[in-house]
Amino acid sequence: MYCCLVLWWMKGFVGGYVCQNIYLSMNKIKEELDDVIIKINNEKEDFENKLNTIYDKADSKEQTLISDIENKYISLGEKIDTLFDDRKNKLDAMSEEYSNIISSSYSTLKEEYDNLKSSSD
């Protein structure tokens, strides 16, 4: 501004008029730059909001996938446990059946042995 006053003093009214126009032009440029900065800040905030939304959706999907994997793992574990329990129950039933057959055969053989022993005496 000091420069403008010196020019106005040196060149008279015409110089002052030119200086005033330069000052007005500079103010207009400053206002336009301020508007651009405001728009940039608004766009930056919009961009950050969109990024945050994307990150939130990604986190949500990640949690859903993790939950699905955990549930499938648990379900698979339960199916394996059920399969082993079924197989164990079948083996227990077969073992009991064979044990009964062996006991019955043993009893029968013992009776036959005792009968043979008593008849040979």
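## Basis of the model

This is a predicted model, in which local features need pLDDT of at least 70 and side-chain atom pairs count only at pLDDT 80 or more, while totals for chains, interfaces and linings use all residues. Residues are numbered from 1 along each chain as its sequence is written, and side-chain values use heavy atoms, with hydrogens and water left out.

## Fold and exposure

The secondary structure of the protein chain comes to two helices and zero strands, where helices (H or I, at least four residues) and strands (E, at least two) are DSSP runs numbered from the N terminus. Helix H2 covers residues 13-120.

Of the 121 residues in the protein chain, 3% are buried; buried means under 20% relative accessible area, exposed over 50%, and partly exposed in between, with a 1.4 Å probe and protein chains only. The protein chain exposes about 11500 Å², of which carbon and sulfur atoms supply 61%, with areas taken from the Shrake-Rupley method with a 1.4 Å probe, and for residues only the protein chains shown count as cover.

## Salt bridges

The count comes to two salt bridges, each defined as a side-chain nitrogen of Lys or Arg within 4 Å of a carboxyl oxygen of Asp or Glu. In one of them, the side chains of Asp34 and Lys30 meet at 3.4 Å, N to O; these residues are four residues apart in helix H2, and so are separated by about one helical turn. Asp34 is partly exposed, with a relative accessible area of 34%.

The side chains of Asp92 and Lys88 also meet in a salt bridge, at 3.1 Å, N to O, and because Asp92 and Lys88 lie four residues apart in helix H2, about one helical turn separates them. Asp92 is partly exposed at 39% relative accessible area.

## Surface patches

Patches are made of residues with over 30% relative accessible area and no salt bridge, like charges being joined within 9 Å and nonpolar side chains (Val, Leu, Ile, Met, Phe, Trp, Tyr) within 5 Å.

A nonpolar patch on the surface is formed by Leu91, Met94, Tyr98, Ile101 and Ile102, with about 510 Å² of accessible area together. Ile101 is found in helix H2 and counts as partly exposed at 44% relative accessibility.
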